[in-house]
Amino acid sequence: MTATVNRSLLSLAGGITGVLVLGFGLAYACGAPPFEEERGEIKASAVCGTLGSSSGSAAALREVLPDKSTYVFDDAITDARTDDMDLSYERSCFVDGDGKQLVVATVEMLQYDNADDWRKDVVEELVPASSVKPFVAADKAVASREIAALYVPCVRRGLGRHLSVVVQLKQPGKADDEELRQGLITLARNAARFAHQQAKCDAPSEVTR
């Protein structure tokens, strides 16, 4: 009788231990306290040049990005405009967190017959038209919790080429939809101001009106 009771107690203890181990394992995998990873630092000095104002963009990134232990910034200049006769400019920024892509920002010199054609061809290739709302900037500007994009005047002569500035959030943080939208607008405005200067634009940018 005693042996049977002991075996039952051992079985019960083993079962409880197994449940506890499973529970701790799931908590660790989900990042629940006390296993929640400490958020990595987003330093202004590490932010891509493409995003313009390093301090302002760093603050906006802290607002919109999810918690990751490390953040990596990859800045690329594909086509730098060398003089005012050059009609091309392109650069980009990629932000990764713990090996996953979080943000893609692109700036490219383009020309469309009108700003609505740009929106359809560029913005609506990335997100549904119904998801974005306009904001006041440049010739056309729209944003949502996933994207902020501006069509910025650049070259006066000829057909008047523009800069297409797009900041897309691939993985959102904990902020609400409006906070995410405003954070992306800040990033897109900063990128547009910087690109307008770097691309040697001579038309008023009207990024802030």
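**Notebook: salt bridges and a helix pair**

I started at Asp75, which counts as partly exposed at 33% relative accessibility. My cut-offs for burial are under 20% relative accessible area for buried, over 50% for exposed and partly exposed in between, with a 1.4 Å probe and protein chains only.

Note on the source: this is a predicted model, where local features need pLDDT of at least 70 and side-chain atom pairs count only at pLDDT 80 or more, while totals for chains, interfaces and linings use all residues. Residues are numbered from 1 along each chain as its sequence is written, and side-chain values use heavy atoms, with hydrogens and water left out.

**Entry 1: Asp75 and its partner**

I asked which side chain meets Asp75 in a salt bridge. The partner is Arg91, at 2.9 Å from N to O. A salt bridge here is a side-chain nitrogen of Lys or Arg within 4 Å of a carboxyl oxygen of Asp or Glu. Asp75 sits in strand β1 (residues 71-79) and Arg91 in strand β2 (residues 90-97), so this pair ties together parts 16 residues apart in sequence. I noted Arg91 as buried, because its relative accessibility is 6%.

**Entry 2: other salt bridges**

I found seven salt bridges in the structure. One of them joins the side chains of Lys140 and Asp116, at 2.8 Å from N to O. This pair links distant parts of the chain, with Lys140 in strand β5 (residues 140-143) and Asp116 in helix α3 (residues 115-123), 24 residues apart. Both ends are partly exposed: Lys140 has 22% relative accessibility, and Asp116 has a relative accessible area of 41%.

Next I looked at Glu124. Its salt bridge is with Arg119, and the closest N and O atoms are 3.3 Å apart. Glu124 is partly exposed at 30%, whereas Arg119 counts as buried at 18%. I also noted a network: salt bridges that share partners join Arg39, Asp67 and Lys174.

**Entry 3: helices α2 and α4**

How do the axes of α2 and α4 cross? Helix α2 covers residues 54-64 and helix α4 residues 177-198; their axes come within 9 Å and cross at roughly 155 degrees. That makes α2 roughly antiparallel to α4. Angles under 35 degrees count as roughly parallel, over 145 as roughly antiparallel, 65 to 115 as roughly perpendicular and the rest as oblique. Axes are lines fitted to C-alpha atoms, for helices over the stretch in contact, with angles from 0 to 180 degrees between N-to-C directions.

I listed the contact residues (heavy atoms within 4.5 Å). From α2 they are Gly56, Ser57, Ala60, Leu61, Glu63 and Val64, and from α4 they are Glu179, Leu180, Gly183, Leu184, Thr186, Leu187 and Asn190. These residues divide into six nonpolar, five polar and two charged. Ala, Val, Leu, Ile, Met, Phe, Trp, Tyr, Cys and Pro count as nonpolar, Asp, Glu, Lys and Arg as charged, and the others, Gly among them, as polar.

**Entry 4: Arg62**

I stayed in helix α2 for Arg62. Arg62 is partly exposed at 40%. Leaving aside neighbours within four places in sequence, Arg62 is in contact with Arg39, Ile42 and Ala44. Arg62 and Ala175 are 113 residues apart in sequence and 10.0 Å apart, C-alpha to C-alpha.

**Entry 5: the whole chain**

I ended with the totals. The chain has four helices and seven strands, taken as DSSP runs (helices H or I, at least four residues; strands E, at least two) and numbered from the N terminus. From the N terminus on, the order is α-α-β-β-β-α-β-β-β-β-α. Of the 209 residues, 41% count as buried.
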